[in-house]
Amino acid sequence: MKHQPPPPPLPLSQPPLMGGPVAGGVASAISSINGSNSVISNNNNSETVKCRPPIYPKPKTPSFDKDRDYIGFATLPEQVHRKSVKRGFEFTLMVVGESGLGKSTLINSLFLGDLYKNRQMPNVEERIEKTTKVEKKTMDIEERGVRLRLTVVDTPGFGDAINCEDSWRVCTQYIDEQFRQYFTDESGLNRRNIQDNRVHCCLYFVPPWGHSLRQMDLDLIRRLHRKVNIVLVIGKADCLNKQEVRKLKERILQDLEDNHIQLYQFPECDSDEDDDFKQQDRELKASIPFAVVGSNTILEVAGKKVRGRQYPWGVVNVEDPEHSDFIKLRTFLISTHMQDLKDTTQDVHYENFRAQCISQISQHALRERGKLKRDSISSTNGFDAAISETDRLLLQKDEEIRRMQDMLTQMQEKLKQTHLMEMKKNDSVIDV
Ligand code: GDP
């Protein structure tokens, strides 16, 4: 039976293409859920950045007309859209790399804010002994009625000390901590208002000097790649000419392959996407790792205002794709793949963590059960009351273990399927 659907109230279109005025923007981050599109128009530098008031076309009120010849479920995307816009979005970005690589400048350029107003730079003596810290900054951004709570997790001191062997530990601990908190909240009573602080993406900054990844980069990436979506960024790329950028990118990709490291995998482009979108997707994939230049200065070049860096010999326009991959990174991170980064965090990285947790809990329960059994045997057999209490506890534990094992089997099955799908998609080697 084919029903005639009502006209869709919102246009279902793709995320904006790179390079134009629509390149970045939180409103488009939800396009993968509901298909809505957005235009960025955001020049405010305060922490809560507000853009124009919402100008979404008002959805048509569904009629009660009993003679209509459709059911009406074609409005489902619109219902999802309205619900998610009302709830707002959360995104957590971790930024890792040694100091001075342009991390804060890039974050400010990406989100048109000033997240590092009161920053204090450590002096040389402080840096010798410095340990890596975790600093969390949150910014509420609003664009065309879509609210995004952006959390940037910075790791000041990373790689600064003479002995930076343990720098990675702080990052892995932080990521695990957020997963643990989410797991606890999810198992609690009030599951409706869980705040999602899990890290959805880690921007790892590689210096432009040197010939490829250093041992310390490989150490960290190896420890993180199964916990978080890693996106590599070559900072201060204006230090390199075109050929050097190309060579450095090739060597980095080779190093990753040799070490069986898998960064965030871009999903395949749907076959029914239009040619422009497919081309954009190809360009994004071909640009990895993104070689970026950041700047918080607006310069005037040939009568046009551009975000750039003024040098004695000319201006580097950070938004010019000939000069840097900044626009590609912003398009990827905000406009086209933000939702996929969140989905991968939920479906792959968090599921891994959750499966490990449940397996640990069930092992613990098994040990407890063994202990109880041993205790009950060694205790004097004459005390009937004590035995019946022990039996009751044993039954309870048995039931608990059975439930956990069921959950574990289900999750392992799900994980196996996800991995199989991933492997089919990527056709690449995964170390265990
Ligand atoms: P962070 O310590 O990694 O956060 O680095 P900052 O963002 O504080 O930048 C350190 C210095 O590098 C500052 O003087 C910036 O102006 C400069 N800087 C930032 N981004 C770039 C870039 O893309 N190219 C160049 N050449 N310098 C940059």
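Which residues in H10 are buried? The legends below take up this question and then move on to other close-ups of this predicted model.

**View 1**
Welcome to H10, where the buried residues are Phe326, Ile327, Lys328, Leu329, Arg330, Thr331, Phe332, Leu333, Ile334, Ser335 and Thr336. Because 11 of the 11 residues of this helix (residues 326-336) are buried, H10 is largely enclosed by the rest of the structure.

**View 1. The largest nonpolar core, seen around Leu333.**
In soluble globular proteins, nonpolar side chains tend to be buried together. Here, the largest nonpolar core has 80 residues. Those with the most contacts inside this core are Phe111, Leu203, Leu232, Leu329, Phe332 and Leu333. If you centre on Leu333 and set aside its neighbours within four places in sequence, you will find it in contact with Phe91, Leu93, Leu110, Phe111, Cys201, Leu203, Met338 and Leu341.

Lys342 belongs to helix H11, which spans residues 338-378.

A pair of aromatic rings is described by the distance of the centres and the angle of the planes. The model has a count of 8 aromatic pairs. One of them joins Phe179 and Phe353, which are tilted, with 5.4 Å from centre to centre and 40 degrees between the planes. This pair links distant parts of the chain: Phe179 sits in helix H6 (residues 167-187) and Phe353 in helix H11, 174 residues apart. Both Phe179 and Phe353 are buried. Ring pairs also connect Phe179, Tyr182, Tyr350 and Phe353 into a cluster. Arg198 is worth a look here too: its charged end sits over the ring of Tyr182, 3.6 Å from the ring centre. Arg198 also lies over the face of Tyr350, at 4.9 Å from the centre of that ring.

Which residues are buried here, and by what relative accessibility? Tyr264 counts as buried at 7% relative accessibility, and Phe266 is buried with a relative accessible area of 11%.

**View 2. A cis peptide bond at Pro289.**
Most residues other than glycine have a negative phi, and most peptide bonds are trans. Ile288 and Pro289, however, are joined by a cis peptide bond, with omega at about -5 degrees. Pro289 lies in the loop between helix H9 (275-286) and strand E7 (290-291).

**View 3. Two loop residues with positive phi.**
His260 is not a glycine, yet its phi is positive at about 55 degrees. You can find His260 in the loop between helix H8 (242-258) and H9, where it is partly exposed with a relative accessible area of 37%. Ala302, also not a glycine, has a positive phi of about 50 degrees. The loop that holds Ala302 runs between strand E8 (298-301) and strand E9 (304-311). Is Ala302 buried or exposed? At 81% relative accessibility, Ala302 counts as exposed.

Methods
Residues numbered from 1 in each chain as written. Predicted model: local features only at pLDDT ≥ 70, side-chain atom pairs only at ≥ 80, totals over all residues. Heavy atoms only, no water. Helix = DSSP H or I, 4+ residues; strand = E, 2+ residues; numbered from the N terminus. Buried < 20%, exposed > 50% of the residue type's maximum accessible area, 1.4 Å probe, protein only. Phe/Tyr/Trp six-rings, centres within 6.5 Å; stacked < 30°, edge-to-face > 60°. Lys NZ or Arg CZ within 6 Å of the ring centre and 35° of its normal. Core = buried A, V, L, I, M, F, W, Y, C linked by side-chain atoms within 4.5 Å. Contact = heavy atoms within 4.5 Å.
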